[in-house]
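Welcome! Here is a short tour of one part of a protein model, from its strands to its helices.

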Amino acid sequence: MPHDRMLHPEFETLLDRAVRDQQEQAWRRQWDYVREASAFYAHKLGRLRDASPSLDRLQDLPLTDKEELRASQEQSYPFGTYGACPEEMIVRLHRTSGTTGRALNLANSKRDADRIAAIGARAMVACGLRPSDRVVHCLNYCMWTGGVTDHMTLEAVGATVVPYGVGNTAQLLETIAELGITAISCTPSYPALLERSLRGHGRHPRELGLRLGLFGGEAGLDTPAFRETMEAAWGFGVRNANYGLSEVLSTIGSQCERTTDLHFHGGDYLFAEVLDPSGQRLPIYEGTVGELVCTHIDKECQPLLRYRTRDVVTVTGTGPCACGRTAWRFRVTGRTDDMFNVRGINIFPSAIREGVEAHPGFCSGQFRIVLRGPGPYDRVEVRAEAAETLAPDRWSEAADAVAELIRKRIGATAVVSLVPFDSLPRTAGKTAWIERVAQ
Ligand SMILES: [Zn+2]
């Protein structure tokens, strides 16, 4: 495989078994380190500290969640009792945005920072960024990882990086044109703002000559119409370049040039588990849906064991991709906060969505889950939009078929009623799948 299409071909083309062997070795070192160096885990693990769990036995260890990290930082400010290396080793301090509670302080050693940049660069090369590119980085540099850490990621590709940050749009547009910049790294909503400014001056986005858009930090890119509109306006390739969690790994996943799914790029830094709503580990096969749980296997500061990301992922592929990479592919299809319970079974809205989308001849793909009253619920009620071409005399047949598709996925009864095409509101951002109504 030509080296210019992969940053680490020796790792990125490894078969699953070989990746797993490498992960086991890294994990053994990490486990010995964590149980010695992390006061948080020494306490949390108790007697389990004496065990030597393989990655297969990771389920014997408890899960860790973000609330525990916050509490740990309250107890020992600023890095928390889960900090595992001395202050002398810390070279960078980031803070999370704190949108879901108090900001977390994130510490990285030199080695951590280098590893994060190298894995991020792997993702950017998968997206199509090359050392010959000039890329302007337009995310906020104020403390969060999207700024300087993503900047270092772009630099690690070998591309020429222009640190721009946010604001001052007019100067940005001039800079792109003057410097012959070929790629932009920003949020997916930013190009629309730039386009408005350009068109206000009678100019067209294509004049800027950008060939690649690297996006992260917001939802929306999974909607084909949104991508196509942006690609048509700008003439650049649109890539979801950056799925990650700053407390775990800034760039866990990105698209490659051959699929719109995300590759899991961090296999030599993280061990990933996908758990069903009861906490059981699911095999990473195409079609698996569950919460992504990550364990660091090569981290110095603030290592995490079995950390709950709260993101629900759907595995979309394993084995070699058309791009040559062997890392499994996934989509982020929800949050565990959206989970609800029917007859004792925890259900993700994404499982309902799969049932609704399974037969495009019956449904448009738009739907709502109706929850009446506070629960408990003994069945799931779904309003799904009929496909545009479905004749009304086939609605009842379609509703029954979709109910059966959902039942097979969730193991609980579904009652589906069809509503006319285009009658459910479309939202640009995150759709609220659940409609709570009084009894
Ligand atoms: Zn690929």
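In which sense do strand β17 and strand β18 pair, and over how many bridges? Strand β17 (residues 363-372) and strand β18 (residues 380-386) are antiparallel, with five bridges. This is a predicted model, in which local features need pLDDT of at least 70 and side-chain atom pairs count only at pLDDT 80 or more, while totals for chains, interfaces and linings use all residues. Residue numbers start from 1 along each chain as its sequence is written.

**Domains**
- The chain is split into domain 1 (1-335) and domain 2 (340-437), with bounds from an automatic or database domain assignment.
- Their C-alpha centres are 32 Å apart.

**The sheet**
- Four strands form an open sheet in the order β19-β18-β17-β20, with mixed pairing.
- Strands pair if DSSP finds at least two bridges between them; helices (H or I, at least four residues) and strands (E, at least two) are DSSP runs, numbered from the N terminus.
- At the edges, β19 (414-419) and β20 (434-437) each pair on one side only.
- Ile369 stands opposite Val382 in β18.

**The helices**
- Helix α10 (residues 349-357) lies across β17, β18 and β20.
- Helix α11 (residues 395-410) packs on the sheet and touches β17, β18 and β19; contact requires C-beta atoms, placed from the backbone, within 7 Å.
- The two helices, α10 and α11, pack at about 145 degrees with axes 8 Å apart; axes are lines fitted to C-alpha atoms, for helices over the stretch in contact, and angles run from 0 to 180 degrees between N-to-C directions.
- Among the residues that meet are Ile352 in α10 and Leu405 in α11.

Technical notes
Two residues are in contact if their C-beta atoms, placed from the backbone, lie within 7 Å.
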